[in-house]
Amino acid sequence: MRLTALAIATTLVAIPAVAAEVNVYSYRQPELIQPLFDAFTEKTGIAVNVAFLEKGMTERLKAEGARSPADLAFTTDIGRLDALKAADVLAPLESDALSANVPAQYRDPDNEWFALTTRARVVYASKDRVAAGEVTTYEDLADSKWKGRICTRSGTHVYMLALTAGMIEQHGEAYAKTWLEGVKANLARAPQGNDRAQVKAIWAGECDISLGNTYYMALMLNNDEQKAWADSVNIVFPTFEGGGTHVNISGVGLTKASPNRAEAVQLIEYLASDDGQRLYAEINNEYPVNPNVSALAVVEAFGEFTADDANLQNIADFRDEALRLTEEVDYDG
Ligand code: FE
């Protein structure tokens, strides 16, 4: 980053006017987030420097401590946002704009993280082999009628762990374990590949239903090779019995060390604004958190659903338990 060069420069010469900037650590991929930063820079003149990380963000922020150059941490998954908060590297942020644009269920009660998008974890069902109404709940995936018909990715992936945490939140640990055993018993093959690979497997006739995040449908529809996979399935929005559809979030937190706090706050507020949310939805095919903004038409066409109102903090809190249960039942084995 520029900070090293700047630190050296200050010892040698008078400091020139420093251009305003924000430094970001991101687990979100460049193509999903860079266009948003470019739009912000265009609008405000504030540069956004991004370090795209594969892993270790929490550890890095902790190690850097008060000297961290990072202002903002971007990631998907409530578990990862909660891990940042638990590591004490985020700062609370009181903002009227964020309170207005991000519904309470999608921000940390202590205002240390803010969701910017949501995604539902849904069932992808074969158009040919699964009738309308045949699957309506997550609980039902453990029913033996699905024996040999389900494909999923690894049970230890954050998307799966959040869903299992949701099951614990709904029904308790014992039920969730039995559910995981039931789903495992119904798998057509050992868990492998990503969400889209499961839809490919349905297309190829290996299984009839899979679990996946909503935005992958849009990505497959826009991909020459994958369009056939997408065309072979319907999206079904299952609910928890007595609840809604499981959603997870992507979000952002302001770091405790933030050297460019005012600019960083401006960036978060932009991303939660109507304009920022419209662009975010366009680039990511996710659901905006800002209720003034609709998802893309292609996404709305997946159907309407009611997000489960489980407290996201509880989902985060049950993450370790979900991992333990997944390992106990040897879900991936
Ligand atoms: Fe994803």
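**The iron site and its surroundings**

Modeller: Happy to. With 333 residues, a compact globule would have a radius of gyration near 20 Å, and the protein chain has 21 Å, which agrees. Please keep in mind that this is a predicted model. The C-alpha trace spans about 75 × 40 × 35 Å along its principal axes, and the chain is built from 15 helices and 9 strands.

Now to the part you asked about. Three tyrosines coordinate the iron ion through their OH atoms, namely Tyr159, Tyr215 and Tyr216, at 1.9 to 2.0 Å. Along the chain, the donors follow the spacing Y-x55-Y-Y. Both Tyr215 and Tyr216 are buried.

Is Thr164 buried or exposed? Thr164 counts as buried because its relative accessibility is 3%, under the 20% cut-off. Setting aside neighbours within four places in sequence, Thr164 is in contact with Trp179, Leu180 and Ala322. For the protein chain as a whole, take the contacts between residues at least 6 apart in sequence: 77% of them join residues at least 24 apart.

Most residues other than glycine have a negative phi. Asp77, however, has a positive phi, near 85 degrees, and Asp88 also has a positive one, near 65 degrees. Asp77 sits in the loop between β3 (72–76) and α4 (78–86), while Asp88 belongs to the loop between α4 and α5 (96–101).

Stepping back to the whole chain, buried residues make up 53% of the 333 residues. The accessible surface comes to about 14200 Å², and 49% of that area belongs to carbon and sulfur atoms. As for charge, there are 29 positive and 48 negative side chains, with the centres of the two sets 4 Å apart.

To return to your site, then: the iron ion is held in the model by the OH atoms of Tyr159, Tyr215 and Tyr216, and of these, Tyr215 and Tyr216 are buried.

Terms used. Residues numbered from 1 in each chain as written. Predicted model: local features only at pLDDT ≥ 70, side-chain atom pairs only at ≥ 80, totals over all residues. Heavy atoms only, no water. Helix = DSSP H or I, 4+ residues; strand = E, 2+ residues; numbered from the N terminus. Rg over C-alpha atoms; globule rule 2.2 N^0.38 Å. Buried < 20%, exposed > 50% of the residue type's maximum accessible area, 1.4 Å probe, protein only. Contact = heavy atoms within 4.5 Å. Areas by Shrake-Rupley, 256 points an atom, 1.4 Å probe, with all protein chains shown as cover. Lys, Arg positive; Asp, Glu negative; His and termini not counted. Charge placed at Lys NZ, Arg CZ, Asp CG, Glu CD. Donors = N, O, S within 2.8 Å, 3.2 Å for Na, K, Ca; no water.
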